[in-house]
Structures are given as C-alpha cells and as structure tokens.
Amino acid sequence: MSKFAAMKSLIFSAISKWFTHSSNRSSSVRFGEKYMVPLCPGHLKILLYRKLHGSGFRETFYMNGKFYRFNYSSDHFRVSKTGIFRAIQTQTFAAEKTLYEKMTEKPVPEPRPFDLYKAICCSSDSQGNAVAMLEGWLNEGRKTAKWELDRIIKDLMKYKRDSHALEVSEWMGSCKKFPFSPADHAIHLELIAKVHGIASAENYFVGLPDRAKNQLTYYALLNCYVKHHMAEKAEVIMEKLKEMGFATNALPYNQMMTFYMENGQLDKVPLVIEELKRNGVILDAHSYKIWMMTYAAMSEIDKIENVLKEMKCDNKVNTDWTVYNALANIYIKAGDLDNAHSALKEMENMITETDRSSYYRLISLYARIGNKEEVYRIWQAFQLVFPKRTIEDYVCLLSSLVRIGNIKEAEEIFEEWESLTSSYDIRVPNVLFGAYIRNGLLEKAELLLKRILDAGWKPNSCTWEIFAEGYIENKQIDKAVEAMRTAMAIVKFTPWKPKQANLLHILECFQNKGDFERADEFLKILGRGNFVSQEVYNSLSSTYIQIRNAGSEDPSI
C-alpha cells in the first residue's frame, strides 16, 4: 500500500469515528466502502462540505505531492436525531499542524492541572498548605505552567476557596518565573479583600508600582468597595477613573448601578444610564439588564418595555439569552405570565447548542410558572443536543419536576440516575430530600437517607440542614439540633452557611423549653466555627437576648 493510500485510509477511519449514525437514515451521512467520499475538491459532496465546514471542520487535500493544511476546531462530531451536525469541542490545540505532522508525531499527554488542583483542594484550610503542595509538586520533578496556575486560582475562587487561591497567587508573585500581569494584580487585590479585608487590599493597591495602577486594578478596587458597600469610596474611585480616562466601557458604570440597586438607591440608576450615554460609552447587555431590573424594583413595569425597545434598536449591543432570562424573571415576579412566555420564547431563540446552563434556566423558568408541557418539550430538545447526562442535568430536571409537583416522576428519574451512576453525588438526592420535607413526607425522606447511608454514601451539610428544617417543622427540636451540629461538623471546603431563619427557630425552641444553657452553647459553636458573618452573629445574639428577656420574669437577665 502506498503512503498516500495509507494516509487516505487513516483519514476515512478517523472520520468514521468522528461521526455517529442518526436514527433518521434519510438525513444521515453513512461511511463505508459503498459511501466513501474522496477528499479532493472535485469529489467532495457540496452538502457534506457545507455541514463539515459549518461545524468548524477544514478539509485536507493531497495534490501535486503536497499535503494542504488540516485545521479543525474540534476532534469529535456527531449527527443528532434530526441529522444536523454539531461540533463538540473536546480539545483545543495551540497551533495548527499539517496532516503529515499530525499523523506521524508521537502522542503528547495533555497537561493535567487538575491533579495539582485536587491536591490543593484536598489539603486542609491551614495557612501555607497550598504553598506546601505547590513546592512538593515541583520537588517531585513535575512541571507547571502559568496558565495552569491561573486556572487553579480561578477554580479555587469559583468554589470559595479564597484563602488557598490567595496563597497560590502570592506564591506566583514571589517567583520570577511567573511575573504578574495587570490582570494578576487585579485578581490578587480582590483576593486580599476577601481574605484579609478591605484595608489590606487598599494597602496592596497603594504599594503597587505606577505601571500596575491601571484600568484593571482600579476596576478591581472599585469592585471591592462595591461589594463592601462603601459608597463614598466607590464614588471617589469612579470619579478617578473618569479623570484618568479609564471609564471607557460599561463595566465600572455597571458596578455602580449594581451598588445603587442593591442598596436601595434606585433613583440613581437612570442617572448613571444618562451619564453613560452623555459620555459616549456604549451600553452592554448587562447595562440593559440592570436598567430593567431597577424599573422592576420600582414597580414601573411600563418603563421596562421602553428599555427593551431601545435595546432592540441598539445595533452595538450584543444581546444574549441572559437578557431575556432576566426579563422573564421580572414578569414572573410581577405575575405577568403572558409577557413572561414571550420573553421565554425570545430566550429560547437565543440559546446555543454549546451552553447547557441556558437550557437549565429555560427549564427552571417554565417550571416556575407551572408549564409542564414546556418543561418536557425543552427537556426533550435538550436530550437531543446533549445525549450524555451529567449531574447538573439530573439536578435541573429533578428540581423542575418537584417544582411542578411531579414527585413520582422525579423519583423515577432519581432511580434511573442511581442505576447508572458510578460516583454518587449527594446533590441529586438532596433535591428529593427537599421535596419530601416541603410536602410533609419526613418519614419517606428518612428512609431514603437510611438507604444512602447503608450504601456508604456521605450526606453533606446541605443534606443535614434540609433535615433540620423538617425536624423544626415537626417540633423535633433535639433531632433538629443534632442535624445542625452534624452539618457544622462536616463542612470543610464548601461555601455552605446555615440559614439564619433555621438558627432563629432553634434558639426560639430552646427558649420555649427554658433551656438557655444549650442555647448559649449553640451560639458559641456558631461563633467559633465562623458559620455566619459577624453581622449575622450579632443579630442572632441580639434577637436571642430579646427572646430570652421576654420569656424571663427577671428583666435584669
């Protein structure tokens, strides 16, 4: 067999693996001896070419003794049941390669930053553990790149592991091999604010060299002030940004509008919009969302229509499904189901086949308005686009089913997941636990919990708090306290915080029993474990003291 014939055979073999056959035979492309399509300009079928090209595939031809470039955006294609091709990106390459290089090079293992990430996540929260993991990793002769560390920091922040993220960031800053970029300084500043407080973040900003005090770091500082509800300092930084010519896009304006909306200064949001337009700054999709949500909070629904019309006429704004997601939420809260349905239809038209979260939101919103038919229809469409199930898929479907009151079908879906899963994720049964508790089926929830425990699976803090709510509802205070104690004992790396309402219920039950000693002990556990912020802890303590004094004959207590 000639070299060309061998390579051509490999090409066909690879394409055969990349495509799976659709149940819709008439619109499928079949591969095999009878249906082989030569990869040359004169023979490549136009329909197939268009489908491949539209999916990100770039063909390769062998002509005049040369291989032409084989450029692709993904290495796995499939045909859906409707015969429509969709590309699933599973791996992105840094540089294009010729077909010959691709076929003859030795396979290079893909970097695995997640091994290091898992090692850091599995370490305790003690200070210095992340650095110890990093140095141990390198001492074992392993390598790491800056992009890997950036990804690790991002993931740690995503899961609220800010202290470890800060340690990794500090370690990077101390290594000459990984010099800080302006974006690194901005992330580092935000992490300092989260872990050590706003004063430490301000000191870090002041100590930065002038070249590092740029648009990104000023944005980061503004974001810190906004999150810490520091109005005066946020407004001073905003003015500074304008003076320095850094307020050239909608981001800082959006931050200020978010601040005003969250702090009840709704009348200031339209003024910021006017200033944005006056300064020639282009509004983005998020600007319009904040604007509409502000009018919703002001109960001026009619003005939302005007904002929506303006957004549709704005050719510069890249409107996406999240805008109509926000709009549907507004109408649902206002009880305007007709407009909510219209917004959901617009949202459906904008979702992409690569974004699972857009389907999750669409299904959840239809469940909120009790539209079972649309929940099932979107779920069926979702299954065609994403035939492989994930944990998040099951959580979304189960949550929607219990919301529309279909617990029986939710149980069937749960049993399906349980029969297929190899790694038990407690988030899935947590949905059923919550449904059982809310519907007064505490015994059924306890039976499911026993089954899970007998199988060796471990509930998380959310599980035990769900049961605590059930026990509170059924006046089983001892079980409620024990469930909350368990929740607080096992929480380690999750961002779980107990609900203030549950804590107050438990304190009230203690008061009703006259068991002030256990109430005091419970408050001390909350304080020692940092399970609530200082503000919430003070509020709980103050409320409890009022309850206790109200139930005591001696006002001096």
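This is a dialogue on contacts between side chains in a predicted model.

Colleague: How are the residues numbered, and which parts of the model are used?

Modeller: Residues are numbered from 1 along each chain as its sequence is written, and side-chain values use heavy atoms, with hydrogens and water left out. As the model is predicted, local features need pLDDT of at least 70 and side-chain atom pairs count only at pLDDT 80 or more, while totals for chains, interfaces and linings use all residues.

Colleague: Why is the aromatic pair of Phe382 and Phe386 called tilted?

Modeller: Rings of Phe, Tyr and Trp (its six-membered ring) pair if their centres lie within 6.5 Å; planes under 30 degrees apart count as stacked, over 60 as edge-to-face and the rest as tilted. By this rule the count comes to 17 aromatic pairs. In the pair of Phe382 and Phe386, the centres are 5.1 Å apart and the planes stand at 40°, so the pair is tilted.

Colleague: What makes the pair of Phe414 and Trp417 tilted?

Modeller: The ring centres of Phe414 and Trp417 are 5.7 Å apart and the planes are at 35°, so this pair is tilted. Both residues lie in helix H21 (residues 407–420), 3 residues apart, about one turn of the helix. Helices (H or I, at least four residues) are DSSP runs, numbered from the N terminus.

Colleague: Which residues are linked into a cluster by ring pairs?

Modeller: The cluster consists of Tyr359, Tyr360, Trp379, Phe382 and Phe386.

Colleague: Why is Phe382 called buried?

Modeller: Buried means under 20% relative accessible area, exposed over 50%, and partly exposed in between (1.4 Å probe, protein chains only). Phe382 has 0% relative accessibility and therefore counts as buried. Phe386, at 7%, is buried too, and both Phe414 and Trp417 are buried.

Colleague: How do you know that the charged end of Lys213 sits over the ring of Phe205?

Modeller: The rule asks that NZ of Lys or CZ of Arg be within 6 Å of the ring centre and within 35 degrees of the ring normal. The charged end of Lys213 is 5.6 Å from the centre of the Phe205 ring, and the contact is counted as a charge over a ring.

Colleague: Why is the side-chain contact of Lys277 and Glu310 called a salt bridge?

Modeller: A salt bridge is a side-chain nitrogen of Lys or Arg within 4 Å of a carboxyl oxygen of Asp or Glu. Between Lys277 and Glu310 the distance is 2.7 Å, N to O, so the pair meets the rule. Lys277 lies in helix H13 (residues 268–278) and Glu310 in helix H15 (residues 301–313), so the pair ties together parts that are 33 residues apart in sequence. A search of the whole structure finds 21 salt bridges.

Colleague: What makes Arg389 partly exposed, and is Asp393 buried or exposed?

Modeller: Arg389 has a relative accessible area of 22% and is therefore partly exposed, whereas Asp393, at 0%, counts as buried. The closest N and O atoms of their salt bridge are 3.6 Å apart.

Colleague: Which residues are linked in a network of salt bridges?

Modeller: The network links Lys345, Glu348, Glu374 and Arg377.

Colleague: How many disulfides are there?

Modeller: A disulfide is a covalent bond between the sulfur atoms of two cysteines. The rule is a pair of cysteine sulfur atoms within 2.5 Å, and by this rule the count comes to 0 disulfides. Among the cysteines, Cys224 is buried at 4% relative accessible area, and Cys396 is buried at 7%.

Technical notes. Helix = DSSP H or I, 4+ residues; strand = E, 2+ residues; numbered from the N terminus.
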